[in-house]
Amino acid sequence: MKAGRGSMRTAVLLLTVPLACLTGCGNEEARFPNRDNFTATTNDYLAQRGHVCLAKYAWPITVAAGSREPDAQQMPVLEKLGLVTGRDVVSAAAQPPAREYALTEAGRKYYLHVPVVVRTTTQTITHSGDFCAATLSLDRLIGWDPPQTRDGRTATSLLFTYRIAPEPWAAAPEVLQAFPLLARAIQREGTMQVRLGVHLTRHGWVADELDEH
């Protein structure tokens, strides 16, 4: 039996309504402050920004002779590993000799062009990239604060522990000695608690840092 145009239109409407409901319901469910949604938010954040980096934002890096800055110890270690190459340079007449370090082809693989936000009590600085040594993933979502709404913005903070995957060179004893913060991050895998600020959007919860760029 052949259906009329009215019947076909009704069928199309019956198909369209459930699909629209599924889309709407899916977005609405993503807005709930629950473990599943916050786990997804944390995973999304770590997939984009879960890098353990060494605060080496701008290259080349110049180290003055006799310097006691961290670079004076760290750059020779990276040079020994073939990640940077150094050359002696002479600055202005009043300045001491120095050594300039640049990333090698192997080292450039670990320089990620991902924004890095550094906050202090007086300012917020965004760097365009950093030299990174490990990648984080979610270990366990511990919990979250009750969401609060202020000035039309609903926000909370999550607390989680992480798993860490160092680059092969990053686990070398001389690297861990030269970069104590990296060593600490590796040692405290699964126990160090990290706090992540998130806020609610029409599509669900998003890490504050991801929404700043």
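This is a predicted model: local features need pLDDT of at least 70, side-chain atom pairs count only at pLDDT 80 or more; totals for chains, interfaces and linings use all residues.
I take helices (H or I, at least four residues) and strands (E, at least two) as DSSP runs, numbered from the N terminus. Residues are numbered from 1 along each chain as its sequence is written, and side-chain values use heavy atoms, with hydrogens and water left out.

Entry: Asp151. I located Asp151 in the loop between strand E9 (148-150) and strand E10 (153-166). Its phi is positive, near 55 degrees, and the residue is not a glycine. I recorded Asp151 as exposed, at 80% relative accessible area; the classes are buried under 20%, exposed over 50% and partly exposed in between (1.4 Å probe, protein chains only).

Entry: the loop between E1 and E2. Ala55 lies in this loop and has a positive phi of about 60 degrees, although it is not a glycine. I noted Ala55 as partly exposed, because its relative accessibility is 44%. Pro60 also belongs to the loop between strand E1 (51-53) and E2. I found the peptide bond from Trp59 to Pro60 to be cis, with omega near 0 degrees.

Entry: the sheet. I traced an open sheet of three strands in the order E2-E4-E3, paired antiparallel; two strands pair if DSSP finds at least two bridges between them. Strand E2 (61-64) and strand E3 (84-89) are the edge strands, each pairing on one side only. Four bridges join E2 to the antiparallel strand E4 (residues 98-103). Ala64 stands opposite Ala98 in E4.
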